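Subject: Model for your review

Hello,

Here is the model we talked about. Please open it next to this note.

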Amino acid sequence: MIQLVQVAVENEMDLALAYKKSIKAAGLLGLSISTQTSFATAVSEVCREVIDKTHEGLVSIEIHGEKEPFQIVAIITYKEAPKVGSLEEGLKYARKLVPQFSFSVLNGKGTITLKMGIPRACLVNSTKISAAKTYFENVGPNTPYEEVRQHNLQLFLINEKSELALWQSEYLNQQKNEFLSVASHELRTPLTILKAFTQMALKSECSPVTLAHLKKVDAQALKMQALIQQLMDISKLENREADYNKEQIDFNSFLNEIIELIPQLAPLHELIIDLSESVVVSIDKLRIEQVILNLVGNAAKYSPGNGQIKLSSKSNSNGEVVVSIQDYGIGMSPEELHKIFDKFYRVEQVSRKYNGLGMGLYISSKIITDHGGKIWVESVEGSGCTFSFSIPLIFIPVEKDKVAE
Ligand code: ADP
């Protein structure tokens with residue numbers, strides 16, 4: 001006989017430990033999952049019955065046999081000897097799980113033995129048995145209190161690790177933001193010079209071919225300028241350096257100014273406007289313009305067959321105005337809807353076909369949340385998207401004499 005492990009049982013925590021040790025022992029010996037479970041369940045059922053009737057017991061998990069076939073055995077001993085009959089009733093289920101089941105009562109000490117044959121296919125030999133024994137000697141715990149202590153230690157180590165990882169990621173994030181900020185500033189200066197000279201060259205006399213080339217340089221420089229601006233925005237928004245210049249304005253007049261700019265951005269699309277009654281909002285006009293132009297630019301970019309772009313506004317009963325930009329383009333799948341406001345996220349199939357960095361929606365969502373609003377998208381893949389954002393309304397108190405009128 002070789003004893004693998006012993007557990008004293010007095011309460012529910014001990015029962016759980018006895019179950020875990022039994023399942024581990026059966027597992028180490030190579031028994032199937034269902035046999036491991038039957039064995040461990042039977043052990044904990046017996047232990048439960050024993051502590052119910054006698055308040056304490058001791059489980060010993062052992063291996064019996066000199067050579068194959070070996071047996072895995074659980075011996076549960078208890079001090080008082082209750083009437084065998086009263087114990088037996090509660091042990092029917094354990095008996096079903098492990099039919100090799102025996103009782104004995106001697107000198108006030110009771111013993112219940114559960115035995116299970118270990119199939120030859122498990123290839124149990126002396127090496128495997130001593131490995132299992134060593135496992136229990138080294139791994140512990142043998143009391144639930146020790147188990148709690150070990151769990152606490154593990155939690156402490158996990159906590160330490162995650163704090164370190166958090167610190168590292170914060171540090172890397174800071175480094176990245178500094179890099180973005182420096183790189184975008186450094187890129188902006190030569191680009192401004194490049195644009196200025198291109199503009200000058202465009203005004204000078206040159207051949208039609210050179211003129212066409214210069215126009216391409218100018219257009220690409222403009223795109224680069226927009227990308228650099230996005231990089232600068234990200235570093236500002238993340239460093240909380242974005243200072244919003246908010247003012248109370250009439251929202252429809254503001255929207256009408258932006259609508260004038262849209263044909264340059266989406267020259268081939270038909271624009272449909274549907275504005276509800278005007279309201280007063282407090283916004284940074286340039287930033288909200290940036291959001292609307294980004295959404296309209298995307299609507300045009302991702303609906304290559306041209307078609308319509310619909311811009312609408314509506315105030316609701318939650319005290320907000322909702323602006324929606326609808327297109328009838330490629331749309332996106334439900335899985336993608338949740339990710340597109342993440343930094344640098346681009347839909348994979350889309351990124352091969354359309355230019356972009358995946359920053360526009362991230363920046364837009366930051367701007368909108370900084371205005372106390374929300375941004376969201378609805379879409380049917382292949383049929384288009386509707387991007388909407390909300391902005392809280394400013395309520396202007398009605399003058400008393402006007403009410404009297
Ligand atoms: P970019 O357009 O530069 O990639 P955005 O942050 O503006 O970056 O958009 C993120 C992604 O969301 C895009 O790459 C695209 O996959 C998807 N997307 C945005 N707008 C639309 C739209 N109107 N229709 C379909 N997909 C869109």
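My notes follow, from the overall layout down to one helix and the cores.

This is a predicted model: local features need pLDDT of at least 70, side-chain atom pairs count only at pLDDT 80 or more, and totals for chains, interfaces and linings use all residues. Residues are numbered from 1 along each chain as its sequence is written, and side-chain values use heavy atoms, with hydrogens and water left out.

Overall layout

The protein chain splits into domain 1 (2-139), domain 2 (164-238) and domain 3 (247-392). These bounds come from an automatic or database domain assignment. The centres of domain 1 and domain 3, over C-alpha atoms, are 66 Å apart. The C-alpha trace spans about 115 × 70 × 40 Å along its principal axes.

There are 13 helices and twelve strands; these are DSSP runs numbered from the N terminus (helices H or I, at least four residues; strands E, at least two). The radius of gyration is 37 Å, well over the 22 Å from the globule rule for 405 residues, so the chain is more spread out than a compact globule. That radius is taken over C-alpha atoms, and the rule is 2.2 Å times the number of residues to the power 0.38.

Of the 405 residues, 39% count as buried. Buried means under 20% relative accessible area, exposed over 50%, partly exposed in between (1.4 Å probe, protein chains only).

Helix H5

Which residues of H5 are buried? They are Ile-129, Ala-132 and Phe-136. They cover an arc of only 65° around the axis, which puts them on the same side of H5. The arc is that of the directions from the helix axis to the C-beta atoms. The buried residues pack against strand S1 (2-9), helix H1 (12-28) and strand S2 (57-64); contact means heavy atoms within 4.5 Å. The face turned away carries the exposed Ser-126, Thr-127, Glu-137 and Asn-138.

Nonpolar cores

A nonpolar core is a set of buried Ala, Val, Leu, Ile, Met, Phe, Trp, Tyr and Cys residues joined through side-chain atoms within 4.5 Å. The largest has 47 residues, and Ile-292 and Phe-389 touch the most other members. Helix H9 (residues 285-301) gives the most to this core, seven residues. Domain 2 and domain 3 both contribute, so the core lies between them.

Ile-292 touches Phe-254, Leu-255, Ile-258, Leu-311, Ile-325 and Phe-389, leaving aside residues up to four places away in sequence. Another core, of 41 residues, lies apart from this one; Ala-42, Val-50, Leu-97 and Cys-122 are among its members.

Best wishes
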